[in-house]
Amino acid sequence: MEALKLFAPYGPGWLGGVLLVLVAFYFGRQFLDEYKAQNERKANIDLKREERKQEEVAARAQRDRERSQMEGRIASQMERSNSLMEAMKTLMESVVASNEVLHSDLAHSQARSQGMAQKVDHIYDRVDLMYNKETNR
């Protein structure tokens with residue numbers, strides 16, 4: 001009632017206008033509050049999305065680093081394996097060459113042994129012949 005008395009000198013139009021302004025101000029304030037809340041929710045969603053993207057980028061970078069390290073280890077292991085294979089190949093070539101030399105020495109030794117055996121047989125035959133001559137006399 002007191003509020004009506006205040007606006008009585010200005011007429012009912014003023015009262016309606018003031019009420020309209022108050023209602024507009026009230027709903028406008030609620031709209032602005034809701035708009036701010038909506039913007040904050042959207043900003044939080046965007047922030048969380050960015051955080052997820054950053055986490056995905058960091059995880060991808062970590063996987064790439066791990067893959068790169070693994071590929072480096074594999075390459076290093078393959079180099080060592082190739083090195084060992086080359087060393088084994090060289091060793092086998094050396095063994096083959098050594099076997100060829102030993103085979104050649106063995107063949108030469110066998111030939112010399114046969115020659116010595118023939119000489120021993122010849123000497124034996126001579127000694128036997130001399131012994132038979134001495135005993136038959």
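Student: Why is Phe-31 called exposed?
Tutor: Its relative accessibility is 57%. Exposed means over 50% relative accessible area, buried under 20%, and partly exposed in between (1.4 Å probe, protein chains only). So Phe-31 counts as exposed. This is a predicted model: local features need pLDDT of at least 70, side-chain atom pairs count only at pLDDT 80 or more, and totals for chains, interfaces and linings use all residues. Residues are numbered from 1 along each chain as its sequence is written, and side-chain values use heavy atoms, without hydrogens and water.

Student: What makes Tyr-35 partly exposed?
Tutor: Its relative accessibility is 47%. That value lies between the 20% and 50% limits, so Tyr-35 is partly exposed.

Student: How many aromatic pairs does the structure hold?
Tutor: There are 2. Rings of Phe, Tyr and Trp (its six-membered ring) pair if their centres lie within 6.5 Å; planes under 30 degrees apart count as stacked, over 60 as edge-to-face and the rest as tilted.

Student: Why is the pair of Tyr-26 and Phe-27 called edge-to-face?
Tutor: The centres are 5.4 Å apart, and the planes make 70°. The distance is within 6.5 Å and the angle is over 60, so the pair is edge-to-face.

Student: Why is the pair of Phe-31 and Tyr-35 called stacked?
Tutor: The centres are 6.3 Å apart, with 20° between the planes. The angle is under 30 degrees, so this pair is stacked. Both residues sit in helix H2 (residues 12-136), 4 residues apart, or about one helical turn.

Definitions and conventions:
Helices (H or I, at least four residues) and strands (E, at least two) are DSSP runs, numbered from the N terminus.
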